[in-house]
Amino acid sequence: MKISKREIKQKFINIISTIEYICLKLKRTFMSVDFNNTEIAFHLKSDSELERAYFLFKMISIEPLVRIGTAATNFALKAHLPVEGLIRSTVFDHFCGGVNEDDCLPTIDRMYASKVYSVLDYSVEGKGEEHKFDSALETILKLIEFSKDKAALPIAVFKPSAFGRFELYQKVSEGQQLSTAENKEWERIIYRFEKVCTSGKLNDVKILIDAEESWIQDAVDDLILKLMQTYNSDTLTVYSTLQTYRWDRLDYLKKIHARAKEFGFKLGFKIVRGAYMEKERQRAKDFGYKSPICETKALTDALFNATTTYIFSNLETIHVFIGTHNEESTHLALKLMNNLQISNADSRVWFGQLYGMSDHISFNLANQGYNVAKYLPFGPVKDVMPYLIRRAEENTSVAGQTSRELDLIKKEKRRRNI
Ligand SMILES: Cc1cc2nc3c(=O)[nH]c(=O)nc-3n(C[C@H](O)[C@H](O)[C@H](O)COP(=O)(O)OP(=O)(O)OC[C@H]3O[C@@H](n4cnc5c(N)ncnc54)[C@H](O)[C@@H]3O)c2cc1C
């Protein structure tokens, strides 16, 4: 049988389209998102901002410099030496949005234009008095008001220690008897949590509650679980945080998941590895109890991934905010989404990074339509210093994140010929 030229051409086109379709499928399955695309990662950074980031990461990669710099900065701030300008133009501007929420607006808008959402993070830490807790409550409520009509700000966040005395959380966690005054104080903490969640629910702003030291977490967990029961029905408002460097967290998740299913409410969780490892280990050593932290990084990683897998198998009842700068864990989540045919923009799944870090993950994910939000810290320079010091410390060569940031910045500098 003779085949016409037209038929041959058509067959050829069919074969090419089939190959194209298979390649596309394979690309989606195996390549996931390309985190090495530095053009997308840094497209919001001007040449001079890129140079500043390069200089900054180079400096904080030198561990002794971070140690001496931290001590010198703390001293200078306490002695009221004029160093705020220097801090602002370097580390502050890189990791923070400004001193107040209005200051942050240009950054929020710029990121939102690239489909990256912001989570305004009032990063003032360690205030131990009642009027400060009330003022922190006012600030968070104001932030929810500020966020409610802004599509770029769908989420608000707070730390439990911003709303109550650390020692009281500890006493409640340890099941200690509270005095009448302490009971009243505890009720005020519950009131602050409830106020924020009610306002979040009314204004359609999700509330993430950060996790801190393990020895105050039981009290926080019990409190949040009750809030989830009240506020997480059809829509989800309240998200707690699971730190997977704690070896008991997946069991904890499974336990409360059973309870949520029994009582018909949903769970919201931010999953992170955890930021207080040294402190946790030191305390366990000092008081002679078994450390709550996994013995190795590999175990923490395995638990992070197992927790992610568990949540994705139960997305009907657990929504997730994946807070990580780890590429492998992010790829795992993408693979699970692909396998389970969860669309990129599924509102039950969010990815999150900190402002000033891992733009290669945030912007490349957002570019592919995933939900991505960056924590955008703000506050007076001297008050956000503990936050900045933690960022500098986790970016030293010892902690090991910097080399990846530096490599990517160098790659982008080469691409731009600067
Ligand atoms: C959006 C966002 C929100 C966050 N919120 C919180 C929060 O509420 N509470 C909180 O505690 N942290 C929080 N973090 C910080 C987080 O816990 C990690 O410290 C940080 O993100 C680094 O972990 P990683 O997954 O990005 O990457 P990686 O660099 O892969 O992991 C580093 C982490 O691994 C763990 N680790 C390192 N060495 C060891 C070891 N030898 N043994 C066991 N474990 C080890 C530590 O947790 C360390 O921080 C948040 C981070 C992000 C991005």
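Modeller: Helix H9 passes helix H10 in a right-handed crossing (the near helix is turned clockwise from the far one by less than a right angle). This is a predicted model, in which local features need pLDDT of at least 70 and side-chain atom pairs pLDDT 80 or more, while totals for chains, interfaces and linings use all residues. Residues are numbered from 1 along each chain as its sequence is written, and side-chain values use heavy atoms, without hydrogens and water.

H9 covers residues 180-203 and H10 residues 217-231; their axes come within 11 Å and cross at roughly 35 degrees (axes are lines fitted to C-alpha atoms over the stretch in contact, with angles from 0 to 180 degrees between N-to-C directions; helices are DSSP runs of H or I with at least four residues, strands E with at least two). From H9, Trp186, Ile189, Ile190, Phe193, Glu194, Cys197, Thr198 and Lys201 meet Ala219, Leu223, Ile224, Leu227 and Tyr231 of H10 (heavy atoms within 4.5 Å). By class, this contact has ten nonpolar, one polar and two charged residues (Asp, Glu, Lys and Arg count as charged, and Gly as polar).

Around the ligand lie 27 residues, of which Lys270, Arg273, Gly274, Thr324 and His325 come nearest (a heavy atom within 4 Å). Among the polar contacts (N or O pairs within 3.5 Å), a backbone N or O atom of glycine 274 is 2.5 Å from a ligand oxygen, and one of alanine 275 is 2.9 Å from a ligand oxygen. For aspartate 210, a side-chain N or O atom lies 3.3 Å from a ligand oxygen. The shell comprises ten nonpolar, twelve polar and five charged residues, and strand S7 gives its largest share, three residues.

How values were computed. A polar contact is a pair of N or O atoms within 3.5 Å; within protein, one must be able to donate a hydrogen and the other to accept it, and residues adjacent in sequence count only if both atoms are side-chain atoms.
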